[in-house]
Amino acid sequence: MDKENFFIVHKDLPREGPGSPEEVAWALELAAVGEDAVICDAGSGPGGDSFELLKAPGALVVAVDTRDAFVAQANARFAHEGRFRAECRSMEDVAGLAEAPFDFIWCAGALYFLGIPSGLGAFSKALVPNGVVAFSEPCYFTDTPSEMAQAFWEGYNTKRSDAILKDVEAQGFEVMAHRKVSDAGWEAYYQPMEMRIATLRDGAGAALTKMLDLCAAEAASWREVRSETGYLLIVARRRGDLG
Ligand SMILES: C[S@@+](CC[C@H](N)C(=O)[O-])C[C@H]1O[C@@H](n2cnc3c(N)ncnc32)[C@H](O)[C@@H]1O
């Protein structure tokens, strides 16, 4: 992947993956996050969901991402907020954060970089007993995804919801609820990116043009396959008997 041009397209976008404030609020409510909760926004990107996480009364939100530029963007966004900080760190090591263990870990569109066993294994070590994780995961909504739907997740072992939920339970978590990430959540990611693409077209060189086409094609392709695939948002409680 041409990272340089990818980050020209993605620089300073409000979010780096699909999701909406309503979905964060839904998960916080299900998790019954109490006052002064300690929350991790894992794979936070620029902190697009941290706004909503900070609405939990008195919550302290620690965001982690492996990309420096996103961490800097998140810290700048919340510079006025004493209950937030972002750190450049892998989600594999959230248990090593000074604020761990967490009452709630939010992970939008990022756990799949590690896979459910490794990702939830790492989160399990970073949660209080009975702590809750909410994450969105690539999912097929049909047993017969088209070639285009399969190509959308090229390189990732995308599954149906029942298989995903089984994987979650196998990691010592009890699934509390799940739902599809809304089309509005996907548009909240793609529309600002498409506006950026439009501003970059004029005078773009060959490599940047190729990246602009690739990013535009991804959004167009999602709109074609959105009834067949997307993200499943899962809220799951860590079983209290884990070490
Ligand atoms: C699809 S984006 C989602 C970002 C954000 N959650 C959002 O919804 O706007 C995935 C993010 O995961 C981050 N990421 C990938 N692997 C990671 C890892 N091992 N640890 C922490 N962050 C990671 C990427 O840098 C990227 O910001």
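This is a predicted model: local features need pLDDT of at least 70, side-chain atom pairs count only at pLDDT 80 or more; totals for chains, interfaces and linings use all residues.
**Ground rules.** I number residues from 1 along each chain as its sequence is written, and side-chain values use heavy atoms, with hydrogens and water left out.

**Ligand shell.** I looked up what surrounds the ligand and found 18 residues, a residue being near if one of its heavy atoms lies within 4 Å. The closest are Glu16, Gly43, Asp65, Met91 and Ala108. By class I get 6 nonpolar, 7 polar and 5 charged residues in this shell. For the classes, Ala, Val, Leu, Ile, Met, Phe, Trp, Tyr, Cys and Pro are nonpolar, Asp, Glu, Lys and Arg are charged, and the others, Gly among them, are polar.

I took pairs of N or O atoms within 3.5 Å. A polar backbone atom of Glu16 is 2.7 Å from a ligand oxygen. Arg15 places a polar side-chain atom 3.0 Å from an oxygen of the ligand. For a ligand nitrogen, I found a polar side-chain atom of Ser90 at 3.2 Å. The ligand taken alone exposes 600 Å², and the protein buries 88% of that (Shrake-Rupley areas, 1.4 Å probe).

**Largest pocket.** I searched a 1 Å grid over the protein atoms alone; a pocket is an open set of points with protein on both sides within 12 Å along at least five of seven lines, and lining residues have an atom within 4 Å of a point. The largest pocket has a volume of about 1,400 Å³, the space filled by probe spheres set on grid points joined across faces, edges and corners. Its lining counts 46 residues, and Phe6, Glu16, Tyr112, Phe113 and Tyr189 are the closest to its centre. H9 gives the most to this lining, with 6 residues. I count 25 nonpolar, 11 polar and 10 charged residues in the lining. The ligand sits in this pocket, as more than half of its atoms must lie within 2 Å of the grid points.

**Cavity.** I then looked for points where a 1.4 Å probe fits but cannot get out.

**Backbone.** The Ala100 to Pro101 peptide bond is cis, with omega near 5°. Pro101 is in the loop between strands E3 (84-88) and E4 (102-107). Asp12 has a positive phi, near 65°, and lies in the loop between H1 and helix H2 (21-30). I use DSSP runs numbered from the N terminus, helices (H or I) having at least four residues and strands (E) at least two.

Terms used: A polar contact is a pair of N or O atoms within 3.5 Å; within protein, one must be able to donate a hydrogen and the other to accept it, and residues adjacent in sequence count only if both atoms are side-chain atoms.
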